[in-house]
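Dear colleague,

Please find the structure below, handed over for your records. My account of what was found in it comes after.

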Amino acid sequence: MAGIQNIFDISGRAMSAQLTRLNTVASNLANAKSFAGSKQEAFVAIKPVFETEYAAHAERSGIATVNVSDIVTSDLQPQRVHLPSHPKADEEGYVWGSAVNVEEEMVEMLEASRQYQNNLEVVSTLRSLMMRTVNMGR
Amino acid sequence: MNGIRDHFGLHDDALALRSKRNNILASNIANAATPHFKARDIDFEAALAKAMPSGPITTTSSNHITGGGNALDSSLEYRASINPSLDGNTVELSVEQMEFSENVVRYQTSLTFLNRKISGLMSAIKGE
């Protein structure tokens, strides 16, 4: 991967990291009320792991951006619920509900979208500054 | 050529330094959600003072330093956070956004000064 050089690398990668975060939130919310026949098959919420990626001379330039280094499953446990009418219910009438905390996901969604907007704002401000600098002396 | 460069004064150094600081603040904002990231910044006044020339100095050897260092070599420091978060991240969006918007305005100020100086030079050259 090419090095991090300018504002478009910094904020662009940060925006794609926040977008990955929003995608995991969407996947988690989509599976929030799904049921499975066994604990192993039940859906468990997924979370991105953010990691700082420094530019080649970060100690001098101070340039750093963010990368999603991994996507891990949450340590929440699937819930065993009594639903005898469900087609996947076992002989005792239990199914396994997905391990997703809906409130937590909503907060995550709000924060990720705000930070996406912040990065976008930085890019558009600096881009207009660049355009003015290019026209310097005219 | 030195005369033209001297005419710009510190504004060209200030502009380069403001641009560097914009990148640092953008990096802080990009890492607002990264655990253990420490927000960085530069001491603008100290860095600009570095670029200030300390008068004409006669050098007798090419190894002598003429004064007026490079402002862009200024060292980075860590921001002291007001409300540190549990995950070890010291980026506070309110602080970073304030610093960023101030820096952008000051960048534009330096740019305007430079533009005025350039148009002043141009009218002196044309002699109209």
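This is a predicted model: local features need pLDDT of at least 70, side-chain atom pairs count only at pLDDT 80 or more; totals for chains, interfaces and linings use all residues.

Residues are numbered from 1 along each chain as its sequence is written, chains are lettered from A and ligands numbered from 1 in the order in which they are written, and side-chain values use heavy atoms, with hydrogens and water left out.

In chain A, helix α1 (residues 7-30) packs against helix α3 (residues 102-134) at an angle of about 160°, the axes being 9 Å apart. The pair is therefore roughly antiparallel (an angle over 145 degrees; under 35 counts as roughly parallel, 65 to 115 as roughly perpendicular and the rest as oblique). Axes here are lines fitted to C-alpha atoms, for helices over the stretch in contact, and angles run from 0 to 180 degrees between N-to-C directions. Helices are DSSP runs of H or I with at least four residues, numbered from the N terminus. The crossing of α1(A) and α3(A) is left-handed (the near helix is turned anticlockwise from the far one by less than a right angle). Their contact comprises 18 nonpolar, six polar and five charged residues.

In chain B, the axes of helix α2 (residues 11-30) and helix α4 (residues 93-126) come within 9 Å and cross at roughly 155°, which means that α2(B) is roughly antiparallel to α4(B). This crossing is also left-handed. The contact of α2(B) with α4(B) has eleven nonpolar, six polar and seven charged residues.

Between the chains, 29 residues of chain B are in contact with 29 residues of chain A (heavy atoms within 4.5 Å). Together they bury about 2,400 Å², of which 59% is on carbon and sulfur atoms.

Over all chains the structure holds 13 salt bridges (a side-chain nitrogen of Lys or Arg within 4 Å of a carboxyl oxygen of Asp or Glu). One of them joins Glu108(A) to Arg21(A), with the closest N and O atoms 3.1 Å apart. Glu108(A) lies in α3 and Arg21(A) in α1 of chain A, so this pair ties together parts that are 87 residues apart in sequence. Between chain B and chain A the count is one salt bridge: the side chains of Glu59(A) and Arg40(B) meet at 3.4 Å, N to O.

Yours sincerely

How values were computed: Helices (H or I, at least four residues) and strands (E, at least two) are DSSP runs, numbered from the N terminus. Ala, Val, Leu, Ile, Met, Phe, Trp, Tyr, Cys and Pro count as nonpolar, Asp, Glu, Lys and Arg as charged, and the others, Gly among them, as polar. Buried area is the accessible area (1.4 Å probe) that two parts lose on being put together, summed over both.
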